[in-house]
Amino acid sequence: AIAIVLLIALPTTRYVAEAALIRMVDDYEETQATQSVRQGLRLGWSIVAWRIFWIDVLMLSALIAITCLLFVPALLPVLVVANGRFSAILIGSTVALALAVLAAALVFIAWTAGTLWVRLARRACALEGLGVIASLRRGYAMIRLQARDVAPVWLAMVGLELTYPFLVTPLAFALLAAGMVAGGLVTLLVGSLARQIMALATAWILAGAIGVTVLVLMLTVPLAILGGLRQVLQSSTWTLAYRGLRALQGRQ
């Protein structure tokens, strides 16, 4: 029951937060007024979040289907390999490898384009009140007609994604070291106190569990906060970019 609740609650929270963030950034740009978290959640708790969910579902389904179709040709040379002759195996394996590499490259391009497409479609839905299909059409039109304006934003976001691990890794090691020290101290303290009222083995098992919990929390909570800030930065950047693209379209 708890798992079912989490499976429903977590995606719902994610899409409500996404819709709220997009609309809050847009509202701030329009009015220069800062919304509270409660007001932002009211903006997100709407049909927009549901439509964004279906935009993601349709795009993900299409990309999975494209991926499967692209890799099918790479499996065809298996029929030649099944012949059993050395020359057939060599030729079939070479062709299969070449087709697999080509398929992988095309899949990478498809997923990159799909990710960009869905980011614009989400904002078309949230900012223009469009339906699921209309939002996808709007996002595609922006990519097709304003590729030069979209490309710099996309490159900046790719740069952020590539540099983020290098920026976070030193912090992760520092947090790990601090967590090990704090967890060790907590383990010793709790173990020393708990052994006075319970069996020695039980006391140290309890102390070890608490110490590991402290370590995990000290490592994951700050990294989760940083990851959330990264997502906020990305979402806000794409929202501002969408507003700019829409303004450029209006001038043309």
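This is a predicted model: local features need pLDDT of at least 70, side-chain atom pairs count only at pLDDT 80 or more; totals for chains, interfaces and linings use all residues.
Residues are numbered from 1 along each chain as its sequence is written, and side-chain values use heavy atoms, with hydrogens and water left out.

View 1. Helices are DSSP runs (H or I, at least four residues), numbered from the N terminus. Cys-68 has a relative accessible area of 49% and is therefore partly exposed; buried means under 20%, exposed over 50%, and partly exposed in between (1.4 Å probe, protein chains only). Between Cys-68 and Ala-103 the C-alpha to C-alpha distance is 9.5 Å, with a sequence separation of 35 residues.

**View 2. Packing of helices H3 and H6.** Two packed helices are described by the angle between their axes and the distance between the axes. For H3 and H6 (residues 132-145), the angle is about 65° and the axes are 9 Å apart. Axes are lines fitted to C-alpha atoms, for helices over the stretch in contact, and angles run from 0 to 180 degrees between N-to-C directions. The crossing of H3 and H6 is right-handed, a term that applies if the near helix is turned clockwise from the far one by less than a right angle. On the H3 side, Arg-51, Trp-54, Ile-55, Leu-58 and Met-59 meet Val-132, Ile-133, Ser-135 and Leu-136 of H6; contact means heavy atoms within 4.5 Å.

**View 3. A network of salt bridges that includes Arg-14, Glu-18 and Asp-56.** Side chains of opposite charge can pair when their charged atoms come close. A salt bridge is a side-chain nitrogen of Lys or Arg within 4 Å of a carboxyl oxygen of Asp or Glu, and the count by this rule is 9. Asp-56 and Arg-14 form one of them, with their closest N and O atoms 3.7 Å apart. This pair joins helix H3 (residues 47-75), which holds Asp-56, to helix H1 (residues 2-31), which holds Arg-14, across 42 residues. Asp-56 counts as buried because its relative accessibility is 12%, whereas Arg-14, at 45%, counts as partly exposed. A salt bridge of 3.6 Å (N to O) connects Glu-18 with Arg-123. These partners are 105 residues apart, Glu-18 in H1 and Arg-123 in helix H5 (residues 86-128). Glu-18 and Arg-123 are both buried. The network comprises Arg-14, Glu-18, Asp-56, Arg-122 and Arg-123.

View 4. Arg-243 and Asp-26 form a salt bridge at 2.5 Å, N to O. Arg-243 belongs to H8 and Asp-26 to H1, and the two are 217 residues apart. Both residues are buried. Ser-236 also lies in H8 and is buried, since its relative accessible area is 16%. Apart from neighbours within four places in sequence, Ser-236 is in contact with Leu-21 and Val-25.

**View 5. A nonpolar surface patch of about 490 Å².** Val-181, Leu-185, Leu-188, Leu-200 and Trp-204 make the patch. Helix H7 (147-194) and helix H8 (200-251) are the elements that give two or more residues to the patch. H7 supplies the largest share, 3 residues. Leu-188 lies in H7. Patches are made of residues with over 30% relative accessible area and no salt bridge, with like charges joined within 9 Å and nonpolar side chains (Val, Leu, Ile, Met, Phe, Trp, Tyr) within 5 Å. Accessible areas come from the Shrake-Rupley method with a 1.4 Å probe; for residues, only the protein chains shown count as cover.
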